[in-house]
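Dear colleague,

Please find below the structure that I am handing over to you, with its sequence. My findings follow directly after it.

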Amino acid sequence: MLKQERQNFILEEIRKHNRVLSSELSLNLNVSEDTIRRDLKELSDSGQIKKVHGGAVQNAYIPFSHKDREIYAHDEKVIIVRKAVPLIQDDFVVVMDGGTTNLELARQLPLDLQATVFTNSLPIALQLSEHPKVETIFIGGKILKNAQVAVGLDVISFVRDLHADICFIGTRSMHHDLGITDFDREESLTKQALLACAKHVVSLPLAEKLNTTQPYKVAHIENVHTIITELAPDDALLSEYRRKGLQVL
């Protein structure tokens with residue numbers, strides 16, 4: 001089998017199953033695991049997949065249910081959130097988009113923090129309702145069941161006249177040239193409105209979401225001010241984002 005045929009097979013398997021194992025591909029294609037690893041590296045370097053230990057996953061792979069996403073890469077999300085918490089000061093007006101990293105941020109807010117949080121996320125609103133000093137305003141609208149966020153014209157109209165200090169925007173894909181993108185058009189338009197009403201925009205992506213893209217634009221890279229990942233700020237993967245002028249934490 002030619003290399004292009006192997007790689008097409010690999011891409012098709014990932015489209016079907018969201019992930020592949022090097023050992024299984026080696027058996028199915030009757031080639032060595034070293035050959036498979038080279039194929040995965042080429043596909044990963046070209047941005048078509050994300051190479052991980054033992055195989056590969058779709059770019060910006062997202063487990064199906066919200067509960068699955070809460071568990072997925074939880075330790076990495078805690079690292080991200082601990083770097084994000086100091087950005088929220090007393091008396092801030094905060095816009096908090098959906099997403100499980102933002103949900104972890106809501107859980108980690110100090111109990112003595114006094115702030116006002118606007119959110120279109122049902123889980124985040126419920127979490128913050130237990131915080132003793134955070135005033136929580138849920139922005140209602142049509143609910144995307146899998147993401148558990150409100151989207152659409154009701155949300156966009158609500159935030160149009162809002163002036164927030166900071167927005168934590170949910171991020172499925174981020175690229176140093178193309179900015180933040182998403183796979184749902186209505187959610188993308190909603191995210192655009194959320195970040196437009198804040199003076200400072202923060203993205204909290206897992207490193208695996210970097211240099212990946214989805215079909216719909218959320219924000220140009222110039223509209224994002226701070227990016228926080230589980231990586232060290234000087235990691236080479238973040239160099240292009242630093243070069244673009246983003247604060248990297």
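Searching the whole structure, a predicted model, turns up 0 disulfides, a disulfide being a pair of cysteine sulfur atoms within 2.5 Å. In general terms, such a link is a covalent bond between the sulfur atoms of two cysteines. The closest cysteine sulfur to that of cysteine 167 belongs to cysteine 197 and lies 6.3 Å away, which is too far for a bond. Cysteine 197 is likewise in no disulfide. Cysteine 167 is buried because its relative accessible area is 0%, and cysteine 197 also counts as buried, at 8% relative accessibility. Here buried means under 20% relative accessible area, exposed over 50% and partly exposed in between, with a 1.4 Å probe and protein chains only.

As to conventions, residues are numbered from 1 along each chain as its sequence is written, and side-chain values use heavy atoms, with hydrogens and water left out. Local features require pLDDT of at least 70 and side-chain atom pairs count only at pLDDT 80 or more, whereas totals for chains, interfaces and linings use all residues.

I turn next to a pair of helices. Helices (H or I, at least four residues) and strands (E, at least two) are DSSP runs, numbered from the N terminus. The axes of α1 (residues 3-17) and α3 (residues 33-45) come within 10 Å and cross at roughly 75°. The two helices are therefore roughly perpendicular, a term that covers 65 to 115 degrees. Axes are lines fitted to C-alpha atoms, for helices over the stretch in contact, and angles run from 0 to 180 degrees between N-to-C directions. On the α1 side, Lys3, Arg6, Gln7, Ile10 and Leu11 meet Thr35, Asp39, Leu40, Glu42 and Leu43 of α3, where contact means heavy atoms within 4.5 Å.

Arginine 6, in helix α1, counts as buried at 11% relative accessibility. Its side chain forms a polar contact of 2.6 Å with the side chain of aspartate 39. A polar contact is a pair of N or O atoms within 3.5 Å; within protein, one must be able to donate a hydrogen and the other to accept it, and residues adjacent in sequence count only if both atoms are side-chain atoms.

Finally, aspartate 184 sits in the loop between β11 (179-182) and α9 (185-196). At 23% relative accessibility, aspartate 184 is partly exposed. Its side chain reaches the backbone nitrogen of glutamate 187 at 2.8 Å.

Yours sincerely

Conventions. Angles under 35 degrees count as roughly parallel, over 145 as roughly antiparallel, 65 to 115 as roughly perpendicular and the rest as oblique.
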